[in-house]
Amino acid sequence: MTTMERIHCDYAIEAKGLCKSFDDFQLQNISFSLPCGTIMGLIGENGAGKTTTLKLLLGMLRREQGSVRLLNLLPEENEAEVKAHTGTVLAQGFFYEELSPKQMNTILRRCHPFWDEAYFLQLLKQFGLPLQKRYKDMSQGMRAKLKLAAAMAPHPQLLLLDEPTSGLDPVARSQFLDLLLEFIQDETCSILLSSHITSDLEKVADYTAYLHQGQLLFCEETSVLLEHYAVVRCGWQDFQQLLPEEYVSYRKNAFGCDVLIRDRNVFSARHPEAVLDPASLETIMTLYAERR
Amino acid sequence: MLGLLLKDIYNLKKTGRTLSLFLVLYGAFAVLSGEFSILSGLCAMIAVLLPISAFSLDQSSQWNVYAVTLPIRRRLLVTSRYVFTLLCLGVMTALQILVGGFVLVQSYGISEMSDHLLTCLFIDSVLLFLLSLGCAALFRFGPEKGRIVMMAIAMLPAAALLLFTKLMPEAMLLTLSDAAFRALPFLSAFKNGQPIYLWSAALFCLAASLLCFGLSCLYSCRYMEKQEF
Amino acid sequence: MNIIISNASEKPIYEQITAQIKAMVLNGSLAEGDALPSMRLLAKELRISVITTKRAYEELERDGFIETVPGKGSFVAAGNQELLREEQLRITEEHLARAIESARSCSLSLSQLQEMLALLYQEE
């Protein structure tokens, strides 16, 4: 293992105008920046383009337009360096069924210049993963933890995680989040994670980006989102008195409406009698999707 | 490179063990009966089977999708696969030479060794050529389709030759072969079995096959560089 | 040091943190020069965003309660006596305002209220 030089930069990820089209889907003009030392959560429905975005960042898919900088390096020019400082956990593909973590270690330490065997074994111990157990005999939770251990072993500065906690029980998820928070204690480290489980992101993500049908609808500080967005529950007649610019979207049910408001302070000033409920990321996501 | 080769070895341990059993059985049979053509066939088959299995495993566990996120150059991923194929061929060839040689020397004496080596060289050339086309096909089309392509490549010349000899009337064949011998005089050297010609031909074939193998590797590297995951 | 935040409260989380730290400085639990936990450690332990803790610390620094030394961390600032006194005055005023409200509600006159105040003050 060679000792790693930490890369110092302002932004761990700078994506500008990323575009990619497939037969039935188009990723349009994705631009966002992840400041170093922070966690960004990527939310969106299945098929919104979260995995595609991650793959574009890594160069696994060729982008049609736009540019990417990871850790202030251009992946096209310094592919090996970028990947040496990046740890990835993808939903698909990993290791072979018949191999055990011990064998994975023997293989990966020869493949990765910064692989830290001692750290990998320590992580395995911390996660309670037996060294000799074959991958196919592991539960989903163990596999998720193993993937993360393998991604973290070379002390990366950027973690790209695609739905890392799907299939994990709440206890395991909580432990996983603790690990991520521990990882971010180093200011030069950053995380981009995509997840369905919005409650996890509410807890740990500094920024939240919402991908919907291939478009980035917003990318904001999570606390700002949670503080400013609100839901007004009112009757249909009351709703119809609202102007279109006052709300983002609404959902009608048999007994009233749920209306998503972008700025609760502005809305409160205009409609002081209105009762505003705080909006969770899940609510924001589901109501945003109702936008016509 | 070493890590990638290790991974293939680890993966094929189980398969390897089963195949080794067969090798031991037929090896023993060959030694005892003096008939080693079956062993020969088995070695050739294993030399082709192991790389295909390695490809297959890569595909089923989607290893390439993961490997692309690691700081491993795509070229290395391809080259390691080709090196592994060469290794398999090398090991099987060594086995064939040793066991076959032992059997022959036992039965017929040391003079047969030279002929045996020549045969092995020719078989290797053919196998290497087959593998160069096969590996390229496996990279390009994936193990499912690639396997079919490989079998077709193996069968096609044999089938063509068979058809050709069956369909052509006897007289035509004789005239053709006469014409060939007259046009290419060194072919008669083959007929006479002069060692220098045979050896140079064998080495030439091997070199040509190695060249094909190298070209196939380059082609696959190019293909992998452009691949999307 | 205890910092308790509530997700259910109307108050934004960074305000809850600043309020609690201010209270600790003013009541003396945090003395001058005491080190505060790093922003990242606080974020990790409370399971909130680093941006939130950063904002809280920035506000505390702006209000003069703490000082952040780059590379070293954040420490309770000196010279809080003024602030302490001001804060106590403010609290006293608040209490008095409430007392007045309560007095008005049971029709107590100003002179009666002043009498009551004098009695209580001399008691302690």
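Predicted model: local features only at pLDDT ≥ 70, side-chain atom pairs only at ≥ 80, totals over all residues.

Visitor: What makes α5(A) and α6(A) roughly parallel?

Guide: Helix α5 (residues 140–152) of chain A and helix α6 (residues 170–183) of chain A pack at about 10 degrees. That angle is under 35 degrees, so the pair counts as roughly parallel. Their axes lie 11 Å apart.

Visitor: Which residues of α5(A) and α6(A) meet?

Guide: From α5(A) come A:Ala144, A:Lys145, A:Leu148 and A:Met152. From α6(A) come A:Ala172, A:Gln175, A:Phe176, A:Leu179 and A:Phe183. By class, this contact has 7 nonpolar, 1 polar and 1 charged residues.

Visitor: Why is the meeting of C:Arg55 and A:Glu227 called a salt bridge?

Guide: The rule asks for a side-chain nitrogen of Lys or Arg within 4 Å of a carboxyl oxygen of Asp or Glu. Here the N to O distance is 3.8 Å. That is within 4 Å, so the pair qualifies. The count between chain A and chain C is 4 salt bridges.

Visitor: What does chain A bring to its contact with chain C?

Guide: Chain A gives 17 residues and chain C gives 12. On the chain A side, α6 and α8 (222–228) each supply at least two residues. The largest share, 5 residues, comes from α6(A). The chain A side divides into 6 nonpolar, 4 polar and 7 charged residues.

Visitor: How much area do chain A and chain C bury between them?

Guide: About 1,400 Å², with 43% of it on carbon and sulfur atoms.

Key: Residues numbered from 1 in each chain as written. Chains lettered and ligands numbered in written order. Heavy atoms only, no water. Axes fitted to C-alpha atoms, helices over the stretch in contact; angles between N-to-C directions. Helix = DSSP H or I, 4+ residues; strand = E, 2+ residues; numbered from the N terminus. Parallel < 35°, antiparallel > 145°, perpendicular 65-115°, else oblique. Contact = heavy atoms within 4.5 Å. Nonpolar A, V, L, I, M, F, W, Y, C, P; charged D, E, K, R; others polar. Buried area = accessible area lost by both parts, 1.4 Å probe.
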